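Trainee: I would like to learn how to read a structure like this one. Please take me through it feature by feature.

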Amino acid sequence: MNEIRQRLPRTREKRKGALTAFYGDSASLADELEKEEPRQRIRTYSETGDDEVIGAIRLLGRIHGSVTIIHGPPGCGAIKLEDELRAGGSPWLITNIEENDSILGADDKLREAVDRAYRTWRPEIIFILATSVVAINNDDIQSAATEKEDQFDIPVIPVFAAGFRSKTAVYGYDLVFHALAKYVLKEDPDALPLPAVNVIGTAGTRTNHIVKDLNGAGISYNNVVGGLTIAALQQSLNALASIAIDKDDSRYLLDWLEEAHGVVHLQETAPIGLAGTERWLLAAAGAGGSTEQAQAYIEEKQAAAAIGLKQQRLDGVSVFIDLPPEQAFGIAEFVEELGGEVAALSLTHADSSHVSRLREWAGRSNPQVLIQPGQPFEKINALGKLKPGLYIGLGEAAVWAARAGIAAAAVDSVDVYGFGGVQELAPLFAKALRNPSLSRYLSPGSTSYRAGWLSKSVNWHIKQEVK
Amino acid sequence: MGTTTAGNRNSCMLHGAVQTIKSIEGAVPIIHSTLGCGVQQYAGVSSLSGGGGSGYTGGLGLPSTNFLERQVVFGGSSRLREQLKNTVKIKEGDFYVVLTGCTPELVGDDVPAMTKELQEQQFKAIHISTPGFKGSVHNGYTAAVTGILRQFDKLAVPAGGKNSRLVNLFGIIPEQDVYWRGNLKGLKDSLEGIGADVNVLFGPDADKGEWTTLFNAALNVSFSSHSLPICEWLERNAGIPYVHFEGYPVGARQTGEWLRCIGKQLDLEQEKVEAWIGLKEQKERYYIVQFLDAYYKYGFQKKFALVGDSAAVLGTARFLTDPLGLLPSLIVLTDDIPQPARSAIVRQWNERQPGSEARIVFESDAKAIEELVISEDIELLLGSSIERRAAERKGIPFIPVSFPVADRIVLTKGYAGFDGAFTLLEDLGSGILSVDSAHLLYQTGAGSEKNEQGANQKPALSGIEN
């Protein structure tokens, strides 16, 4: 991975041909993504969405023993306050760049912030997260980081986010993993091989259920999920293999471990639903345990789940699934296990790594695929045309589906992974269908979108980018 | 603003403007900035303001140009033109407000020209410069309101003539004041009782057309130093006088004083004013008498510290002190207040609470505030969710009164005016009782987690979850 020498990793658009706007069926998207350089799409009208700064902030918040210094104006740290209060994120400072700093630079302020972070929390590692103002002014973060690293003898790591380089929020994860790989994680020639498989997740990964499954299946694993520790990340270089809970989010780390350290990435899809969890556990057991023991555990869990699921069927219900790609594909498969029909997949982005999954779906019901990170205006339009019986997504977008009069289930509140996830997801969907009164109540006049827009095609404002 | 802050609770100028504009019925904010600026406002401000939601045009539905690298290099004016042209076709609204973030301001986009193009197409549209590096969320409120006033001719024709009873209220910042809707309603109800007409301008209690009558008002009322520039502008340009108060009134005594002042300014019938105040004083007396038993039985007369925006906490602190008899020990004001206003706040506090031992500190850094609170000898803490941890460490009751409030849903609740005091009594009493209940659980052994030495491992509040 030559780009580890670079200051920045390439964007998902350049590395994987990621698209953030598309409307068509699964087969046509797979065709498009298989091209050497898929044609980028842009929107001529757009709404807000997660960017790389937000992605990076969320992942940095999960790194134990760290302090994040957000080097930017006060608003760039707003979501970190939410992360701290709602998700117990790591401590942080913000340099509150103001107009003078944006002209003259704020290196001194940054140095003082590092001093304060060290004095206050005695962290294991300090991250300096750049933001748009710093990126435009080209503030010399690197010198400040190097100087302070020498002074305090702990890693002081710059993360060069800008907020405008990529249209995907997962690029924020790439930036953090790139910084860790470049500056922190080093091969130790004396380290013993770790007889375990790396289980890798990122910012929003809940792990209670999957950890139970890993233990139940007797799999030895190195936990690089949820609350990340530098020690576990360092150990991951010596593991037998890596398997991701969401391989899309942790793509950069997985690729780097494989290419630079020979830690094979077990390319398995997310452990969601009965078949998805089975495949994932068997793949992990193949590298870090006993397949027989895992198989016995899986059979026991599947038998127990089958009884409960009989009461939670989705037979004949058409479902609109609106999630990041790995979760969307996993939940779509589970919806089919429950007897539902996948009407459409709405993804935050898609890239060349999703082609095989899209081909698989093209061979099944070939559902419509919308790529729309946020963008409720397109969502409401599509929902009005497809008229699904159930919407499955995250809370922030489910509110718009409910306003479109569609029964909605938001998966943020549950741990979707493993056999425990099956037991949480099925009732969640069933409840949304059992009493859709709220979406019925909301449907008339709950949005500010004009009728003229809703009568247009969903992709009216998506254009191919002119090079 | 300007110095490095731990746990920053004062977001940026763009966010302040976004939340101000989206709280006006029929207004559509259009962000000209990077992709994440709108989400940062939604998740980092709205959702922490008592679970504030997307509403009609907020959340993920905020129109945004989503500035990319190519716009940084070549300029984003044409992208803005395209966005504006399409926004009016997609989003219903009475008027559109273009708000610029840091990136286009550094690049130097010609936003006025793009907005003018929309105006020439007969759309009501204005632009306001709100880069995040130019100020805090409070400055964003000031910029948004003055921006509308300066460009009012592009949005509406002022309706009717002067209304000698009409009052505009300024200084309660939507979402930065977690209880903004309830507070505006409480102040409106209190004012209407003396026969005044009221423009609250934001939220569900603003009547349709309030903004068009704004220039007809006989008086502006300012509750914070952040609303003073608005009132000064209106005095200079529309000849509307103003009265300024440090913080909104809470309870009968403060609200009575406030109404007498306004009644005098509006030349309202004094007897009617006094009759209304008298009626409300009786009602407050009734509720305080109902509250008394719990007050004495559970020891409500506590030494307290209070943390939050000046507009939101000063009236609360005064009400807790007098008539409730609690003992103020530390008041931390977290908004960015100009030096002269700071001196005025301290002077007024000392004049109104002679003999008070309370220290007033101006500080927004969460770590510094935590240290102040931890070292203070107090039995009750009122503040934001950031301060909850300090209360838990001290094992004292905590009442959320200021931004951010991450663990409550707030819709109609407010502390301002006559009836707001009753809500404060309920929250105060419930907050104290919940900790006492937790102690009781420990004393009886129910739900406690004890180590081998029999000591409780968790602070008092943690017992509640059991």
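Mentor: Start with a loop in chain B: Pro404(B) sits between strand S13 (398-400) and helix H16 (417-444) of that chain. Helices (H or I, at least four residues) and strands (E, at least two) are DSSP runs, numbered from the N terminus. The peptide bond that leads from Phe403(B) to Pro404(B) is cis, with omega near -5 degrees.

Trainee: What should I know about the model itself?

Mentor: This is a predicted model, in which local features need pLDDT of at least 70 and side-chain atom pairs count only at pLDDT 80 or more, while totals for chains, interfaces and linings use all residues. Residues are numbered from 1 along each chain as its sequence is written, chains are lettered from A and ligands numbered from 1 in the order in which they are written, and side-chain values use heavy atoms, with hydrogens and water left out.

Trainee: Where does Leu201(B) lie?

Mentor: Leu201(B) is in the loop between strand S6 (197-199) and strand S7 (219-222) of chain B. Its phi is near 75 degrees, a positive value in a residue other than glycine.

Trainee: At what angle do helix H10 and helix H19 of chain A pack?

Mentor: Axes are lines fitted to C-alpha atoms, for helices over the stretch in contact, and angles run from 0 to 180 degrees between N-to-C directions. Here H10 (residues 208-216) and H19 (residues 418-434) of chain A pack at about 140 degrees, with axes 6 Å apart. That makes H10(A) oblique to H19(A); angles under 35 degrees count as roughly parallel, over 145 as roughly antiparallel, 65 to 115 as roughly perpendicular and the rest as oblique.

Trainee: Which residues meet there?

Mentor: Contact means heavy atoms within 4.5 Å. From H10(A), His209(A), Ile210(A) and Asp213(A) meet Gly418(A), Phe419(A), Gly420(A), Gly421(A) and Glu424(A) in H19(A). The residues of this contact are two nonpolar, four polar and two charged. Ala, Val, Leu, Ile, Met, Phe, Trp, Tyr, Cys and Pro count as nonpolar, Asp, Glu, Lys and Arg as charged, and the others, Gly among them, as polar.

Trainee: How many residues of each chain are in contact with the other chain?

Mentor: In chain B, 70 residues are in contact with 64 residues of chain A. Buried area is the accessible area (1.4 Å probe) that two parts lose on being put together, summed over both. For chain B and chain A this is about 5,400 Å², 57% of it on carbon and sulfur atoms. Gln40(B), Leu60(B) and Ile90(B) supply 14% of the area that chain B buries against chain A, more than any other three residues.
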